[in-house]
Amino acid sequence: MNNTASIKEPTSKTPRLNNKEALPFIAMCIAELFWGISYMFTKVATQSATASQLLSIRFVIAFILINLMMLGGKHKVSIKGKSKKPLIILMLLQPVYSYCESSGVLYTNSTVSGVILSTVSVVSIVFAVIFLKEYPTRRQVLFCFLPVIGVIIITVSGKSLGIVTPIGIIFLILACVTCAAQKIFNKEASAEYSTFERSYFIILTSGVTFTFSALRSFDWNFAEYIQPIFVPSFLASVLFLSISCTLLAQFLINYAAGKLSVTKLASFAPLSTLCSMFAGVIFLGEPLTLASIIGSALIIFGIWQVSAAKNK
């Protein structure tokens, strides 16, 4: 009987993730889902508007919505007594990333855009080494090369199909770099600024920047600037991008940035790739060749291996 009693006593406990710890991971999953689908909506919207025009209207709508949230009294914004440097850099990086991403989608396609942007996880690891002293293992270094090979395969095959241009690839690479930098400074800014505050200033800066750029390109002709709003496909796309991909996703990523390491944040990038490929192929009828499948597999597998390995 003593032996039986002793067996009932657990010798160890399996660590489990409680609800509070799981929230940042859930937030990133939802954010990546939104961003993955956003490539398709961006492609549709840029058929009726320029990149800066789309981004301007997108962020203006998001800014109006976030100010309406402040009217409820539950949210407030304050920079008094806080370090301004990380917030300012974070604010400046967002317009650069948004412009590069939208331009990259415009000059390529949803599938290629999603796959190349998934390499941001690799770029983020490099940035983490430089700025945070998070050194990767040999396994991570080895598998970092697979996404690069995959990008080359997809780029070559896409160009032969007439759906990828060099300028589009350059814009997407710049988007990866700025996105990785955002993760670094978002993490730093989260020490003093709330999720709402970071989201507010990012949306504000982007709205002002892109509205100035768009109006300038139209010689300050406001009627011409808002003309795409009357196109049903554009209106539906920009509303989705404003609410889901700009406002909600911004809240989710900023929340997660204050809870997770840069490496963990970056490891979610493949989720958006899968969503992007599915949306582009199924809904836009974009080609899915053998070369693009092989390239995609190399990128996803490489990033998965880099993200799964533990840092030193």
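The structure is a predicted model, in which local features require pLDDT of at least 70 and side-chain atom pairs count only at pLDDT 80 or more, whereas totals for chains, interfaces and linings use all residues. Residues are numbered from 1 along each chain as its sequence is written, and side-chain values use heavy atoms, with hydrogens and water left out.

The largest pocket has a volume of about 200 Å³. A pocket is an open set of points on a 1 Å grid over the protein atoms alone, where a 1.4 Å probe fits, with protein on both sides within 12 Å along at least five of seven lines; lining residues have an atom within 4 Å of a point. The volume is the space filled by probe spheres set on the points. Helices α6 (120–132), α8 (145–160) and α9 (166–189) each supply at least two residues of the lining, and α9 gives the most, with four residues. Helices are DSSP runs (H or I, at least four residues) numbered from the N terminus. The lining comprises 11 nonpolar residues, one polar residue and no charged residue; among its members are Val122, Cys144, Pro147, Ile169 and Cys176. In this division, Ala, Val, Leu, Ile, Met, Phe, Trp, Tyr, Cys and Pro count as nonpolar, Asp, Glu, Lys and Arg as charged, and the others, Gly among them, as polar.

The buried residues of α6 include Val122, Ile125, Phe127 and Val129; buried denotes under 20% relative accessible area, exposed over 50%, and partly exposed the range in between (1.4 Å probe, protein chains only). Lys133, which follows α6, has a positive phi near 60 degrees.

One salt bridge is counted, defined as a side-chain nitrogen of Lys or Arg within 4 Å of a carboxyl oxygen of Asp or Glu. Glu197 and Lys82 form this contact through their side chains, at 3.0 Å from N to O. The pair links distant parts of the chain, with Glu197 in helix α10 and Lys82 in the loop between α3 (51–70) and α4 (85–106), 115 residues apart. Both Glu197 and Lys82 are buried.

Ile229, Phe230, Leu235, Leu239, Ile243 and Leu248 form a nonpolar surface patch with about 510 Å² of accessible area together. Patch members have over 30% relative accessible area and no salt bridge, nonpolar side chains (Val, Leu, Ile, Met, Phe, Trp, Tyr) being joined within 5 Å and like charges within 9 Å; accessible areas come from the Shrake-Rupley method with a 1.4 Å probe. Leu248 lies in helix α12 (residues 232–257) and is partly exposed, at 38% relative accessible area.
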